[in-house]
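Look at the picture first, then read the points.

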Amino acid sequence: MNATNASNASSHPALAAADPELAALVGAEERLQAETLRLIPSENYASRAVLEASGTVLQNKYSEGYPGRRYYEGQQNIDQVETLAVERAKAVFGVDHANVQPYSGSPANLAVYLAFAEPGDTVMGMALPMGGHLTHGWGVSVTGRWFRGVQYGVRQDTGLIDFDEVRELALKERPKVIFCGGTALPRTIDFAAFAEIARESGAVLVADIAHIAGLIAGGAHPSPVPYADVISTTTHKTLRGPRGAMLMSREEHAKVLDKAVFPGLQGGPHNQTTAAIAVALREASQPSFREYAHAVVANAKALAEALLARGFDLVSGGTDNHLILMDLTPKNVPGKIAAKALDRAGIVVNYNTVPYDPRKPFDPSGIRIGTPSLTSRGLGTEHMAQVAEWIDRGVAAAGTSDEETLRTIRSEVATLLTAYPAPGLPT
Ligand SMILES: *Cc1c(COP(=O)(O)O)cnc(C)c1O
């Protein structure tokens, strides 16, 4: 047995003994996450404490219902776990009500539709190719098939949301629900502007903060709390918790949201995930999390500056948050070719449409990058010029099929990262 295998065995001894094949895959993933520069903006490194909570016997328990109102006995501990998670969510985000049971961001959003709309009703959100999420009424999603999705975008000249267009569309279409937020939005979301439009058009405003929840918790992005009727979020992106989700609101919507999640949409909550959400929220209430959230944004701004200096075209010209959307058209390298080459160079990104993309979604013009994961490792603004240089060299090498350069970058990346061990990974 070589040293690498020995380390797998010690980090998951029972798994390694019972299922060496699976344990080897987990070990390989641990090494991949240790040795690569992970720039996918929706990903992160959860702490060891979060991972441990996710792997507990809490998962053996059925708990349909809510604390104090369950359909199964034996909830002495589970009720306290869920109450802790709920109370911490309320404290971290400053909301009246939190539901921590949605299995993930997509079911959380489906619960919102169930709470406020009937099949066939009009709903409104940002179009997927403009940076919105599938669940904001896009056609291939159940939310665009069972509801009549009308979609807004960003302006071609600025890459920014045009609120006159959003208002006009909302007043004409009168949606029951308006979603703001998205998956490829590099700029601050103007929750107040959306709230005014929702009020004028009689819609429920949902702020989907899946990407930016950690920034909001850490004070690095304005909060939607004064403006949105409902806040939907995942817990595994910038918030750095387990894969899960939450719905938050003022007291007036508490009942209808809770009923939509259970019994409307789900059965038993994943109690091990609830526990890990509670742990993540405790972490998010610490001063170090504020530093992390601000560092994520500082790193993204520094990386954007360094990429602009190298002649890259960034949608909207830069970033206010954790995310950068790069249009590679001027570099003459399609997004998918660039993403795959960067992956071989140890830099993990995703190819992405850019607004008004002339290319197809499965072969778009852009790549999407972000700084949450590298910030969790402790990389700072002083490293961003180097990251930009690797991306620049990697994209150029992609264009010329220069595999030698990609291999060189991969080893340079791994060398830097050995000094910045990632949270959660075995050491
Ligand atoms: C990630 C994301 C979701 C969906 O979350 P899943 O956990 O992948 O289902 C929903 N909305 C937005 C804006 C997201 O970024």
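This is a predicted model: local features need pLDDT of at least 70, side-chain atom pairs count only at pLDDT 80 or more; totals for chains, interfaces and linings use all residues.

Residues are numbered from 1 along each chain as its sequence is written, and side-chain values use heavy atoms, with hydrogens and water left out.

**The whole chain**

- The protein chain has 17 helices and 15 strands. Helices (H or I, at least four residues) and strands (E, at least two) are DSSP runs, numbered from the N terminus.
- Along the principal axes, the C-alpha atoms fill a box of roughly 60 × 55 × 40 Å.
- The radius of gyration of the protein chain is 22 Å, which agrees with the value near 22 Å for a compact globule of 427 residues. This radius is taken over C-alpha atoms, and the globule rule is 2.2 Å times the number of residues to the power 0.38.

**Around the ligand**

- The ligand is surrounded by 13 residues, and the closest are Ser104, Ser106, Asp208, His211 and Lys237. A residue is near a molecule if one of its heavy atoms lies within 4 Å of it.
- By class, this shell holds one nonpolar, ten polar and two charged residues. Ala, Val, Leu, Ile, Met, Phe, Trp, Tyr, Cys and Pro count as nonpolar; Asp, Glu, Lys and Arg count as charged; the others, Gly among them, count as polar.
- Helix α6 (residues 105–116) gives the most to the shell, with three residues.

**Polar contacts and burial**

- A polar contact here is a pair of N or O atoms within 3.5 Å.
- The side chain of Ser104 has an N or O atom 2.4 Å from an oxygen atom of the ligand.
- For Gly105, a backbone N or O atom lies 3.0 Å from a ligand oxygen atom.
- The side chain of Ser106 places an N or O atom 2.7 Å from an oxygen atom of the ligand.
- Taken alone, the ligand exposes 380 Å², and the protein buries 87% of that. Such areas come from the Shrake-Rupley method with a 1.4 Å probe.

**Backbone details**

- The peptide bond from Phe262 to Pro263 is cis, with omega near 10°. Pro263 lies in helix α11 (residues 254–265).
- Arg240 is not a glycine, yet it has a positive phi of about 70°. Arg240 is found in the loop between β9 (230–234) and β10 (245–249).

Note on methods:
A polar contact is a pair of N or O atoms within 3.5 Å; within protein, one must be able to donate a hydrogen and the other to accept it, and residues adjacent in sequence count only if both atoms are side-chain atoms.
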